[in-house]
Amino acid sequence: MSTVSLPAGTGPVPGAPAAPARAQRRAARRWYRQPALMAGIIITGLIIIAAAAAPLLTSYNPIAQNLNASLAGPSAHHLLGTDQLGRDTWTRLLYGLRVDLRIAFIAVLFPFVLGTILGSLAGYFGGWVDVVVMRLVDTVVAFPFYVLVIALVFVLGPGERSIYIAITVVGWVSYARIVRGEILVAKRQDYVLAAQAGGLSSARIMGRHLLPNVISQAFIYGMSDIVQDILAIVTLGYFGLGVPPPTADLGSMINDGQNFLSTHWQLTTIPGLAVIVVGLGLSLIGDGLADLLRTGSA
Amino acid sequence: MGRMSFVGRRLLQLIPVAFGVTFIVFFMVHLIPGDPAASILGIHATPRAVAILHHEWGLNRPLLSQYWLFLDRLLHGNLGYSLYYGQSTSSLVLSHLPPTLWLIVYAGVLSVLISVPLAMIAASRQDGVRDHVVRAVPLVGLGMPSFWLAFLLILVFAIKVQAFPVSGYGSGFFGHLRSMFLPSLTAALALSPVVIRSLRASMLTVLGAEYITTARSKGVPGHRLFLRHVLRNAVIPAVTVLGINIGFLIGTTVIIEEVFAIPGVGQLMINSIFQRDFPVVQGVTLVFAVMVVLLNLLADMAYAALDPRVRFDR
């Protein structure tokens, strides 16, 4: 993008607004030709549909026990067999995905918003605002991700609300760093200088002019962040700090299965595979979007 | 700008972080719903015990004065007393530290051994088949729960093929080396996707540099070019990448220690959570943060020592 300012009246300015708009249109026409993006959308879409339509895809109740049919192998009745309490594994997998995906997609919103706001303020105003925000970032990143998440959920008490709080406290820093970095570059561009010279308020410049141009990087990071959040939720579930039992959750399924690892390994491996496939789908979307933006703005 | 002032500046930056980290750890007690003293003591919450804990933590004083009390204790090396073990947290942490340090170092070494060759293979022919295969590793690896990977490795290498023990720390140097192989491999595999990604990118940057073109035009053969020119200059980013991800690695060890029953600080943390032993959880959280900060500092200093250009930085 050009940063050279032309004197007025020298013909059409190869200005900022036209070029990205054209690139966006070009990118929009081409998105379906990105194999990574397409594969990601298909994988993620199928999983979300399967999780949402869980009651239609199985006739069992995820928490109904049937001790006469415990630890059964795969059969026509039980596609993936049953666990030690005779609960249908396929059913628990679908309902577990439903719970974990819902929590992960909600959980990613709070750090996204908080980090974007704090990052924009730090990048745009600089000075003491920047110092305070960045020292806060330094403080949070001093803690290992899992240590702080586990410790926070422990003190707040297990459950969904604690997961949201813990993920927000730990997760906002990456968004703040990304958005701050992008704003630092973008605020030197002509269109921002023009808006400032035109006397627009800081809030308007940030909200209407800067954010739309810098948000895409945060969005791409958000895709891999959802993967990290799902892993955190599953890990908390594994340690019994997640969604309380008997609600199906992939982490508690793996925990239940570990006692039968040598005899019924499918109880442990299947929920983990599901997590990997979800992660693969979302990572492909993130990578595809990143490629699209790179070629789109080139 | 000499190296000493680079280190000095880094140390100065640590002061606000030290206050921030201790404040977060201190504030954890106020996140407990209800009366923290009563919740922590649980069934042992006699009015007398609650009153003692209130007095000990100064819970009826203003917040800043409570924090001051907390800092004052810390400076005297007092991390609080375990409600379950009846010992000081600092002595508990010290006795659990060696296995954790083993795990971190072992995993760090293994992840370099895994990532550097793979990144080299990928970077040696950009957009070739090998490159695409290696680039697919992070796609699968990033979404893999580390404790799940641990079970898989246990299933294959400890149950089916009984090459390694299912769990434990082992005894003696070679005992540790054998017992800690699967746990360290798990941590290394969890870390590798991130490291491979960054290393591949930095190797591609090195390959694009002018001195590589010069070496190529002089007729330096491919393998020699890689070993002498590319690898050397890619080791520095490898150290940095490991330094940046040290927090991730340490967080993973908490989970892995629990799965493999390794008596380290991570297992101490998880056990204390199950015992609702708040002072230990609080102390261990602080110790982990200190570990990350110190290892990051170490990585930065290694970087300054390895790369002469840092001297002229800024």
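Chain B contains 14 helices and 0 strands, where helices (H or I, at least four residues) and strands (E, at least two) are DSSP runs numbered from the N terminus. Along the sequence, its pattern reads α-α-α-α-α-α-α-α-α-α-α-α-α-α. This is a predicted model, in which local features need pLDDT of at least 70 and side-chain atom pairs count only at pLDDT 80 or more, while totals for chains, interfaces and linings use all residues. Residues are numbered from 1 along each chain as its sequence is written, chains are lettered from A and ligands numbered from 1 in the order in which they are written, and side-chain values use heavy atoms, with hydrogens and water left out.

**Overall form of chain B**

- The C-alpha atoms of chain B fill a box of roughly 80 × 60 × 35 Å along the principal axes.
- Of the 314 residues in chain B, 48% are buried; buried means under 20% relative accessible area, exposed means over 50%, and partly exposed lies in between (1.4 Å probe, protein chains only).
- Chain B has an accessible surface of about 15,100 Å², and carbon and sulfur atoms account for 67% of this area; such areas come from the Shrake-Rupley method with a 1.4 Å probe, and for residues only the protein chains shown count as cover.
- Among contacts (heavy atoms within 4.5 Å) in chain B between residues at least 6 apart in sequence, 70% join residues at least 24 apart.

**Domains of chain B**

- Chain B is divided into domain 1 (2-75) and domain 2 (90-306), with bounds that come from an automatic or database domain assignment.
- The centres of domain 1 and domain 2 of chain B, taken over C-alpha atoms, are separated by 32 Å.
- Between these domains, 19 residues of domain 1 of chain B are in contact with 15 residues of domain 2 of chain B.

**Nonpolar cores**

- The largest nonpolar core has 157 residues, of which A:Ile150, A:Leu210, A:Ile230, B:Met203, B:Met269, B:Phe278 and B:Phe288 touch the most other members; a nonpolar core is a set of buried Ala, Val, Leu, Ile, Met, Phe, Trp, Tyr and Cys residues joined through side-chain atoms within 4.5 Å.
- Helix 10 (residues 202-238) of chain A gives the most to this core, contributing 15 residues.
- Domain 1 (2-75) and domain 2 (90-306) of chain B each supply at least three residues to this core.
- Not counting residues up to four places away in sequence, B:Met269 touches A:Val147, A:Ile150 and A:Ala151, together with B:Val281, B:Val284, B:Thr285 and B:Phe288.
- Apart from this core lies another of 9 residues, including A:Met134, A:Val137, A:Val140 and A:Ala176.

**Individual buried positions**

- B:Ala188 is placed in helix 9 (residues 181-207) of chain B and counts as buried because its relative accessibility is 0%.
- Leaving aside neighbours within four places in sequence, B:Ala188 is in contact with B:Ala107, B:Leu110, B:Ser111 and B:Ile114.
- The C-alpha atoms of B:Ala188 and B:Ser146 are 9.9 Å apart, although 42 residues separate them along the chain.
- A:Thr168 belongs to helix 8 (residues 160-186) of chain A and is buried, with a relative accessible area of 16%.

**Salt bridges**

- The whole structure holds 7 salt bridges over all chains, each being a side-chain nitrogen of Lys or Arg within 4 Å of a carboxyl oxygen of Asp or Glu.
- In chain A, the side chains of A:Arg180 and A:Asp130 form a salt bridge (2.6 Å, N to O).
- This pair links distant parts of the chain, with A:Arg180 in helix 8 and A:Asp130 in helix 6 of chain A, 50 residues apart; both A:Arg180 and A:Asp130 are buried.
- In chain B, B:Asp131, B:Arg135 and B:Arg200 are linked in a network of salt bridges.
- The closest N and O atoms of B:Asp131 and B:Arg135 are 3.7 Å apart; these residues are separated by about one helical turn because they are 4 residues apart in helix 6 (residues 129-141) of chain B.
- B:Asp131 is buried, with a relative accessible area of 0%, whereas B:Arg135 is partly exposed at 35%.
- B:Asp131 also meets B:Arg200 in a salt bridge (2.8 Å, N to O).
- B:Asp131 lies in helix 6 and B:Arg200 in helix 9 of chain B, so this pair ties together parts that are 69 residues apart in sequence.
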